[in-house]
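Please open the structure in a viewer and keep the selection tool at hand. The stops below are given in the order in which they may be visited.

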Amino acid sequence: MPQTRAAHSIGFLEFVVLAAATMSTQAIAIDAMLPAFPTIVRVLNVADPNHGQWIVTAYMTGMGIGQLFWGVLSDRFGRRPILLGGLTLYVAAALLCSFSGSFQALLGWRFVHGLAAACVTVTRSVVRDLYSGRQMARVMSLTFVVFLTVPILAPSLGQLILFIAPWRFIFVVFALFAATVATWGFLRLPETLHPEYRLTLTRTHVLNAAKMVLGNRTSIFYALAMMVMFGTIMAYVGMVAQIFSDVFHRPKLMPSMFALCAIFMGMAAYLNSRIVERLGMRLISHTALSLFIAVTGLHVVIAALGVEQLWTFVMLQSITMATFSLSVSNFGAMAMEPVGKVAGIAASLQGFISTFGGALVGVFIGQQFNGSTVPLAAGQMICGIAALGFVLLAEQGRLFRAHHPSSEPMITKGAQIEVARPQ
């Protein structure tokens with residue numbers, strides 16, 4: 001990999017925290033909204049409470065579509081201007097959401113909000129510009145640790161805002177957070193795309209790059225595995241407020257229990273960053289996916305038998321989130337690994353598949369809510385089985401086996417060049 005200026009102008013720890021904060025602008029716009037759903041539905045005169053989930057759906061739809069072009073533009077114009085421009089649009093869209101006078105207007109601006117938030121997919125390209133193989137998986141895991149502090153804190157933040165101000169101020173906080181991250185990036189993040197990797201946006205070049213991403217077995221099938229796994233998270237986020245309100249009748253516990261599940265995700269991501277270079281991405285992620293299917297299967301049985309309690313729900317969802325984290329953080333690295341020369345377009349296409357497709361999967365599961373936890377648990381189990389099918393296709397039926405790098409065997413890290421390890 002060509003050496004870049006980023007290794008010399010920004011330290012490793014600062015880079016990880018900045019990347020995580022940038023990615024967190026996406027998550028905070030979902031998780032901090034959860035406590036406000038009932039208020040928004042009431043204030044904007046929404047007839048069906050289930051339609052409150054559309055606030056997440058509109059945002060995720062925009063984010064999925066937006067990922068089709070932000071990464072492509074970053075391959076042509078560079079990572080830095082595209083990322084900063086997208087964050088600027090994010091700030092404007094969040095403020096416009098706060099002024100929405102109807103539910104339809106709110107959904108429209110949330111779509112634009114998600115469209116702008118999709119620029120964050122460029123962060124994956126920045127990571128791929130600098131790292132490869134297990135080192136890339138380690139960076140992404142560390143980023144995930146910081147990124148997951150948002151789900152831990154965001155629902156409580158949203159609840160706090162509702163205590164002292166109207167729900168519209170939640171969007172003002174989104175805008176302030178994104179503006180802070182954009183300013184930090186403007187001051188500290190240099191361009192990481194090497195000049196020789198810049199693409200001209202001709203039809204031929206874009207199609208060839210897309211063909212490379214979609215035609216690579218590892219790239220496409222791990223992206224599809226991420227899609228169905230992200231669908232489980234979207235379903236969980238969309239249903240969790242109703243579950244705590246309608247199933248357990250403890251709505252005030254939702255932020256703290258949501259945070260507890262997120263803590264397990266963060267712990268798993270940190271564990272992955274510590275062991276991935278030694279054990280490899282495939283051994284960890286394939287084992288975690290197997291556990292994910294087993295745990296969600298157990299949850300289906302408990303829920304179907306009608307013996308679900310609050311503590312069983314929180315315990316099983318915490319384990320589910322942990323195994324999700326160990327799986328998906330490595331899936332993302334493995335999907336990006338063979339397509340580093342077109343990292344921007346790869347991040348766009350893979351992000352579109354995983355985010356937009358995951359949003360559709362999550363909506364379908366969420367709309368099955370029937371006053372119990374069965375639809376969520378069953379949806380998660382089915383998605384886990386589907387993900388396993390995609391992984392088997394990616395690996396040609398061979399699980400748990402380390403791979404030797406087939407492309408770009410050298411990794412730039414600071415001023416040192418290291419030989420990549422098996423993955």
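This is a predicted model: local features need pLDDT of at least 70, side-chain atom pairs count only at pLDDT 80 or more; totals for chains, interfaces and linings use all residues.

Now turn to aromatic pairs, of which a search of the whole structure finds 8. One of them is formed by F171 and F174: the ring centres are 5.6 Å apart and the planes stand at 85 degrees, so the pair is edge-to-face. Both residues belong to helix α11 (residues 169–188), where 3 residues, about one turn of the helix, separate them. Both F171 and F174 are buried. Return to F230 and F324, which also make an edge-to-face aromatic pair, with 5.9 Å from centre to centre and 65 degrees between the planes. Because F230 lies in helix α13 (residues 217–247) and F324 in helix α16, this pair ties together parts that are 94 residues apart in sequence.

Select W167 together with F171 and F174 to display one aromatic cluster.

Staying with helix α16 (residues 310–336), select N330, which has its place there. N330 has a relative accessible area of 0% and is therefore buried. Apart from neighbours within four places in sequence, its contacts are A137, N272, V276, M281, I284 and S285.

Finally, select R76 and F77. The charged end of R76 sits over the ring of F77, at 5.1 Å from the ring centre.

Key
Residues are numbered from 1 along each chain as its sequence is written. Side-chain values use heavy atoms; hydrogens and water are left out. Helices (H or I, at least four residues) and strands (E, at least two) are DSSP runs, numbered from the N terminus. Buried means under 20% relative accessible area, exposed over 50%, partly exposed in between (1.4 Å probe, protein chains only). Contact means heavy atoms within 4.5 Å. Rings of Phe, Tyr and Trp (its six-membered ring) pair if their centres lie within 6.5 Å; planes under 30 degrees apart count as stacked, over 60 as edge-to-face and the rest as tilted. A charge sits over a ring if NZ of Lys or CZ of Arg is within 6 Å of the ring centre and within 35 degrees of the ring normal.
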